[in-house]
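I opened a new notebook page for this one.

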Amino acid sequence: MATSRLVIALTGASGAAYALNLLQHLGRMRHPVDLLVSPSAVRVLECEVDGERDWVVDGCPSLKAFELDDHDVRVFRRDDVAAPMASGTALKAGMVICPCSMGTLGRIAGGMSTNLIERAADVCLKERRPLVLVPRETPLSLIHLENMARLVRAGATVLPASPGFYHRPASVGDLLDHLVVKILDALGIPHDILRPWGDDA
Ligand SMILES: Cc1cc2nc3c(=O)[nH]c(=O)nc-3n(C[C@H](O)[C@H](O)[C@H](O)COP(=O)(O)O)c2cc1C
């Protein structure tokens, strides 16, 4: 049976490199992905990664800019609320929002569904599919914390972009990998990126 497609959405929080690393690992593992990008995420990609690339073309993420293979990745406009992941019949494997802005997180917690990213997250919650939110914000206000608590009670995983240091990272890449492993583990997706803690074999 074919592996179910995982929805990956980038929103306008700092930490775009985490998403790029996640997409590269999923691409290497040939895991099928549906990709969504908010306009604010494009602004962050320009600030944090490369201001010269056309990250979005005709409203859709550009596979060329993201250095992804069209064999494994489908791209969608954020306003395409008729896309497959807007329905529970198509959204089986779940969704990762990485990085997740406090705006998107708050709108999902409030059930707003003002665009395809928020609608797909809403579908994950109502259909009891995995939903992993990766916020970067710090410090957190009471409003942020209450929105997160509400989402966790509704079934989401809130997985802050706070990489561990017990693997003795030697590079930024190692720190990115550590967080990506956490995301894949939360979704139950097997990987070979890092050995589990305590596994010296
Ligand atoms: C470089 C940059 C970094 C940002 N970092 C964050 C952040 O870490 N967390 C956050 O909630 N918003 C951050 N913002 C602000 C959001 O992009 C802004 O609130 C936006 O409206 C979010 O829109 P979206 O949720 O539709 O992507 C950042 C903006 C820029 C330009």
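This is a predicted model: local features need pLDDT of at least 70, side-chain atom pairs count only at pLDDT 80 or more; totals for chains, interfaces and linings use all residues.

**The core**

I started with the largest nonpolar core, which has 37 residues. Ile8, Leu10, Leu35, Phe66, Val96 and Ile183 have the most contacts inside it.

S1, H1, S2, H2, H3, S6, S7 and H7 each put in at least two residues.

What does Leu10 touch, not counting residues up to four places away in sequence? I found a list that includes Ala19, Leu35, Leu36, Val37, Phe66 and Ile117. Ser38, Cys98 and Pro99 are also among the residues Leu10 touches.

I traced an open sheet of six strands, and its order is S5-S2-S1-S6-S7-S8. The pairing is parallel. At the edges I found S5 (73-75) and S8 (157-158), each of which pairs on one side only.

A reminder to myself: strands of a sheet pair through backbone hydrogen bonds, either parallel or antiparallel.

I then zoomed in on S7 (residues 131-135), which pairs with S8 in the parallel sense over two bridges. Which residue in S8 does Leu133 stand opposite? I checked, and Val158 is the one.

**Helix H1**

Which residues of H1 are buried? I noted Ala16, Tyr18, Ala19, Leu20, Asn21, Leu22, Leu23, His25 and Leu26. What covers them includes strands S1 (6-10), S2 (33-37) and S6 (95-100). Helices H2 (39-48), H3 (63-66) and H7 (172-187) are also included in that cover.

After H1 comes Arg30, and I wrote down that its phi is positive, near 60°.

**The ligand**

Last stop. There are 15 residues around the ligand, and Gly12, Ser38, Ser101, Met102 and Thr104 come nearest.

A polar backbone atom of Gly12 is 2.5 Å from an oxygen atom of the ligand. For Ser14, a polar backbone atom is 3.1 Å from a ligand oxygen. With Ser40, an N or O atom in the side chain is 3.1 Å from an oxygen atom of the ligand.

Methods:
Residues are numbered from 1 along each chain as its sequence is written. Side-chain values use heavy atoms; hydrogens and water are left out. Buried means under 20% relative accessible area, exposed over 50%, partly exposed in between (1.4 Å probe, protein chains only). Helices (H or I, at least four residues) and strands (E, at least two) are DSSP runs, numbered from the N terminus. Contact means heavy atoms within 4.5 Å. Two strands pair if DSSP finds at least two bridges between them. A nonpolar core is a set of buried Ala, Val, Leu, Ile, Met, Phe, Trp, Tyr and Cys residues joined through side-chain atoms within 4.5 Å. A residue is near a molecule or strand if one of its heavy atoms lies within 4 Å of it. A polar contact is a pair of N or O atoms within 3.5 Å; within protein, one must be able to donate a hydrogen and the other to accept it, and residues adjacent in sequence count only if both atoms are side-chain atoms.
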